[in-house]
Amino acid sequence: MTYQDQLSPWVVYKLLPTMQNVPVARFRYRNDAESYLKLVSRVLPQTSFLISFDGPIRPAAEQPTKATPATATKTAKKARTTRRKASLA
């Protein structure tokens with residue numbers, strides 16, 4: 001996905017009878033995509049369109065995990081002691 005595509009994650013697709021879809025336009029905001037969908041539906045009433053969010057996909061390793069309060073406290077204490085040791089050396 002290019003940087004330009006990441007800036008405009010809302011996509012309007014034209015649905016084809018062969019179970020395929022073709023991207024027609026990309027928008028930064030959902031309300032812009034919905035307005036465009038209303039306009040195109042009036043102009044081409046026999047054609048089906050769909051709005052979809054096409055955001056970046058992060059691998060499972062990069063997704064944030066929930067830290068329990070006990071784990072967060074241990075990590076903070078460990079970081080404090082490491083800093084203290086580094087400043088004494």
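This tour moves from the whole chain to the sheet, then to a helix and a loop.

**Ground rules.** The model is predicted: local features need pLDDT of at least 70, side-chain atom pairs count only at pLDDT 80 or more, and totals for chains, interfaces and linings use all residues. Residues are numbered from 1 along each chain as its sequence is written, and side-chain values use heavy atoms, leaving out hydrogens and water.

**Select the whole chain.** Colour by secondary structure. The protein chain holds 3 helices and 3 strands. These are DSSP runs, numbered from the N terminus: helices are H or I with at least four residues, strands are E with at least two. Along the sequence the pattern reads α-β-β-α-β-α.

Now show the surface. Of the 89 residues, 16% count as buried. Buried means under 20% relative accessible area, exposed over 50%, and partly exposed in between (1.4 Å probe, protein chains only).

**Select the strands.** You get an open sheet of 3 strands in the order S2-S1-S3, with antiparallel pairing. Strand S2 (21–27) and S3 are the edges, each pairing on one side only. From one strand to the next, the twist averages 30°. Two strands pair if DSSP finds at least two bridges between them.

**Stay on S1, residues 10–15.** Go to the S3 side: S1 and S3 pair antiparallel over 6 bridges. Pick Val-12; its bridge partner in S3 is Ile-51. Cross to the S2 side. There, 6 bridges join S1 to S2, again antiparallel. Pick Val-11, which stands opposite Arg-26 in S2. In a regular strand the side chains alternate between the two faces of the sheet.

Follow the chain into the hairpin of S1 and S2, with 5 residues between the strands. Stop at Met-19, which takes a positive phi near 60°.

**Select helix H2, residues 30–43.** H2 packs on the sheet and touches S1, S2 and S3. Contact means heavy atoms within 4.5 Å. The direction of H2 makes about 175° with that of S3. Axes are lines fitted to C-alpha atoms, for helices over the stretch in contact, and angles run from 0 to 180 degrees between N-to-C directions.

**Finish at Pro-56.** Look in the loop between strand S3 (48–53) and helix H3 (69–88). Pro-56 is exposed, at 53% relative accessible area.
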